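I opened the model to look up a few things and kept short notes. The entries follow in the order I made them.

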Amino acid sequence: REEAAAAPDLTGTASDVAAALPVRTVKNHTIYPVANFKFGEKPAKKEKDATIAVRMHRMKQKYEVEGARRSVEAVLIVHQYNHPHILLLQAGGFFKLPGGRLRPGEEELDGLKRKLESNLSPESDTLKVDWEIGDCVGCFYRPNFETAVYPYLPAHITRPKEVKRLFIVNLPPSCYFAVPANLKLLAVPLFELYDNAQRYGPVIAGLPLMLSQFQFVKA
């Protein structure tokens, strides 16, 4: 009979503990200073829903025709003051990652590039960004027509109302962002997001954990 592997010894100094833990693969992700990027404005985007209740009602109507909503969001990372920052869009007191709903039959990466162009690319062809989509870093499920989403599908739910996937984006060393006039683009410190679902919601507040698989290389 095979014996169970011994548990690592977690007593001693911090270096001793680190040496005892299993080795895991860490991926490098290059991030550039926020000062490398230029920010401008383009015409405002009309909001489809005046309230959350209206949004949930519209989602229900779409679900009856198209099935579960599929959405994609982008995680764009820069650094400032020697710390990684996440680029977030702000509308009033609401924060969100760039992205949105996929069209029926649309591939995830194609749809995310389309949404990034709509949300952040300048209208001038000479300034448009060639978006490079990286790994999927998270997946969330909306079990009901409510605001709550979870990083797992509850056991009693067989047909989620929405499946949302998050992808890290490999930004170029510099580029020009153009933001709709009714939105703001903010660089928020990664440490501010951790365990701060009350301000940013569970998806954004979960980013520090989702991104722990990466080693950020500051360029």
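**Entry 1: rings.** I began with the rule for ring pairs: rings of Phe, Tyr and Trp (its six-membered ring) pair if their centres lie within 6.5 Å, and planes under 30 degrees apart count as stacked, over 60 as edge-to-face and the rest as tilted. I noted that this is a predicted model, where local features need pLDDT of at least 70 and side-chain atom pairs count only at pLDDT 80 or more, while totals for chains, interfaces and linings use all residues. Residues are numbered from 1 along each chain as its sequence is written, and side-chain values use heavy atoms, with hydrogens and water left out.

How many aromatic pairs does a search of the whole structure find? I got 6 aromatic pairs. Ring pairs join Phe37, Phe39, Trp131 and Phe177 in a cluster.

I also looked for a charge over a ring (NZ of Lys or CZ of Arg within 6 Å of the ring centre and within 35 degrees of the ring normal). I found the charged end of Lys161 over the ring of Phe145, 5.7 Å from the ring centre.

**Entry 2: the chain as a whole.** I listed helices (H or I, at least four residues) and strands (E, at least two), which are DSSP runs numbered from the N terminus. The chain has 6 helices and 12 strands.

Next I looked up burial, where buried means under 20% relative accessible area, exposed over 50% and partly exposed in between (1.4 Å probe, protein chains only). Of the 219 residues in the chain, 40% are buried.

For contacts I used heavy atoms within 4.5 Å. Taking contacts between residues at least 6 apart in sequence, I found that 72% join residues at least 24 apart.

**Entry 3: two buried residues.** I looked up Leu166, which is in strand S9. Leu166 counts as buried because its relative accessible area is 0%. Leu166 and Glu73 are 93 residues apart in sequence, yet their C-alpha atoms are 4.9 Å apart. Leaving aside neighbours within four places in sequence, Leu166 has contacts that include Glu73, Val75, Leu97, Phe140, Val203 and Met210.

Then I turned to Pro180, in strand S10 (residues 176-180). Pro180 also has a relative accessible area of 0%, so I wrote it down as buried. Not counting residues up to four places away in sequence, Pro180 touches Lys42, Pro43, Ala44, Lys45, Ser118 and Asn119.

Entry 4: Is Asp130 buried or exposed? I put Asp130 down as exposed because its relative accessibility is 71%. Asp130 lies in the loop between H3 and strand S8 (133-142). From Asp130 to Leu171 I read 9.0 Å, C-alpha to C-alpha, for residues 41 apart in sequence.

Tyr81 lies in the loop between strand S4 (77-80) and S5. Tyr81 is not a glycine, but it has a positive phi of about 55°. Tyr81 counts as exposed because its relative accessibility is 74%.

Asp195 is in the loop between helix H4 (190-193) and H5. Its phi is near 55°, a positive value in a residue other than glycine. With a relative accessible area of 68%, Asp195 is exposed.

Entry 5: On a 1 Å grid over the protein atoms alone, a cavity is a set of points where a 1.4 Å probe fits but cannot get out, and a pocket is an open set with protein on both sides within 12 Å along at least five of seven lines; lining residues have an atom within 4 Å of a point. Grid points are joined across faces, edges and corners, and a volume is the space filled by probe spheres set on the points.

The largest pocket holds about 1300 Å³ of space. Its lining has 42 residues, and Arg55, Arg69, Glu73, Phe94 and Lys96 lie nearest the centre. Elements that give two or more residues to this lining include helix H2 (52-66), strand S3 (69-75) and helix H5 (197-205). H5 gives the most, with 6 residues.

I sorted lining residues by class: Ala, Val, Leu, Ile, Met, Phe, Trp, Tyr, Cys and Pro count as nonpolar, Asp, Glu, Lys and Arg as charged, and the others, Gly among them, as polar. The lining of the largest pocket has 16 nonpolar, 8 polar and 18 charged residues.

I found 1 cavity of 30 Å³ or more. The largest cavity holds about 40 Å³. Asp49, Arg55, Arg58, Met59, Lys62 and Arg69 line it.
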